[in-house]
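Me: Could you take a close look at one part of this structure for me, the sheet and the helices packed on it? I would like the cut-offs spelled out as you go.

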Amino acid sequence: MTEPTTDDPTLEPEADEYQALPEPEHLKVTDPDDEPAVPVIDAEPEAAPAVVQAPVDVPCPSCGAMGDAEAKFCEVCGASMSGTPPQAEPEPVVAEAPPARPCARCGGKVAADGYCEECGAPAMSERDHFAISPSATVGGVCDRGIVHARNEDAMALDIVEGVTAIVVCDGVSTAPLSDEASLAASTAALEALAEGAPGGSQEVTAEGVARTSAWGTLHAEAAARANEAVLAVPTRDEADAPSCTYVAAIVDGPRVVVANVGDSRAYWLPDGGRGVRLTIDDSWAQEMMEMGVPESRVASSPNAHAITRWLGPDAPPIKPRKDTHTVTTPGWLLVCSDGLWNYCPEADGLGELVRSSAAAAGEGADATTIAGRLVTWANAQGGRDNITAVLARLGDHEAPDESVGATENG
């Protein structure tokens, strides 16, 4: 992810994460030179020496042998001189070692030296590569990629009472703590969207166009709560501004409602016919093209991938773009970060990629397996960025619902 840009002239360049910390506004210092003097206590007059009496021998309560009254144990039988039987020393509790973590690449055993015994790859953290599989038809994979040192992408997805909710966030790599920002944002947004499912605190009960509108309203709230979660990320410096992009999708029957901030995307990829990109990037390139600048000229600019909206403390007002699509034929909903689509931005190309990945995975392969093949493909292209791909298989058993309404942009 490239550095965000904005028209706000007050936005300063990102501060160095390792610069000296500024002094806090309120400071309370204790001066070591001002320690209080030790008070002088008058000595008591010297007392006469006390008369010490020799201890009297007493019988052992267990064997009767005479012993020192101050002794704890009998010198003959070892019993307690107080009459209380000696307590056995408790055996130390040895904590069990945690189970060995499997290799995130191949699932093999990671040896003590930190390398996989099967493929030889160095052990990765769970965040470097992970998958989520709510069902056979919905699943995603999030991966660090090849070039980046850590994974700043995050995803959260679930199926709640028949409603599928998907969130993908991509941390801005030029901002500190953006890996934490993306994780916090995706988690908070999923919780908000799940509230609209049946039985939730904000259950969507309207029908037709009003139902679509209700999901759009909840999308706006989910993005706002995601931003609040980013603002709550603890920072090391006042100038730190953890940041991430945001894209989310709700699947409610044949209705797909998406929202985005930044340049993470959602696509509808039918088995037959043309694919459709459901999101519009908040990016410098998109704004230039909307002004009539040729795409070829925009693509060659250093700002080609600069974003104009994001989540974070230095972000412009959070106004997610929204779109709705009605599923009438079988296909795939793809929600992804730019680590995937940068290698194949057009919907038709991605559709071919998904279909070929599904064919290679074999008949009956689940969504997570196919998403994993998309990630592997992106890594094979160079893996220059973190990669997240979430797939949801839709339309196989859906009857068209004419009350949903046509595709909308908002």
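Reply: Happy to. Two strands are said to pair if DSSP finds at least two bridges between them. Strands themselves are DSSP runs of E with at least two residues, helices are runs of H or I with at least four, and both are numbered from the N terminus. Please keep in mind that this is a predicted model, where local features need pLDDT of at least 70, side-chain atom pairs count only at pLDDT 80 or more, and totals for chains, interfaces and linings use all residues. Residues are numbered from 1 along each chain as its sequence is written, and side-chain values use heavy atoms, with hydrogens and water left out.

Let us start with strand β12, residues 331-336. Six bridges link β12 to strand β9 (residues 265-270) in the antiparallel sense. Within that pairing, Tyr267 has Leu334 of β12 as its bridge partner. Strand β13 (residues 387-394) also runs antiparallel to β12, again over six bridges. There, Trp332 sits opposite Arg393 of β13. Strand β12 is mostly covered, with six of its six residues buried; buried means under 20% relative accessible area, exposed means over 50%, and partly exposed lies in between (1.4 Å probe, protein chains only).

Now for the whole sheet. It is open and has six strands in the order β3-β4-β13-β12-β9-β10, with antiparallel pairing. The edges are taken by β3 (129-135) and β10 (276-277); each has a single partner strand, so one side of each is left without a neighbour in the sheet. Helix α7 (residues 367-380) packs on this sheet and touches β3, β4 (138-143), β12 and β13, its direction making about 30 degrees with that of β4. Another helix, α6 (residues 347-361), lies across β9, β10, β12 and β13 and runs at about 65 degrees to β9. For these angles, axes are lines fitted to C-alpha atoms, for helices over the stretch in contact, and the values run from 0 to 180 degrees between N-to-C directions. Contact means heavy atoms within 4.5 Å.

Helices α6 and α7 also meet one another. Their axes come within 9 Å and cross at roughly 115 degrees. The crossing of α6 and α7 is right-handed (a crossing is right-handed if the near helix is turned clockwise from the far one by less than a right angle, left-handed if anticlockwise). On the α6 side the contact is made by Leu353, Val354, Ser357, Ala358, Ala360 and Ala361, and on the α7 side by Thr369, Ile370, Arg373, Leu374 and Trp377. By class, this contact of α6 with α7 has eight nonpolar, two polar and one charged residue. Here Ala, Val, Leu, Ile, Met, Phe, Trp, Tyr, Cys and Pro count as nonpolar, Asp, Glu, Lys and Arg as charged, and the others, Gly among them, as polar.

With 49% relative accessibility, Ala360 counts as partly exposed. Its C-alpha atom is separated by 8.7 Å from that of Arg373, 13 residues apart along the chain.

The contact of α1 with α2 comprises 13 nonpolar, one polar and two charged residues. Ala192, in helix α1, has a relative accessible area of 0% and is buried. Setting aside neighbours within four places in sequence, Ala192 is in contact with Leu218, Ala222 and Arg225.

As for the setting, the protein has seven helices and 14 strands. Of its 410 residues, 42% count as buried. Among contacts between residues at least 6 apart in sequence, 65% join residues at least 24 apart.
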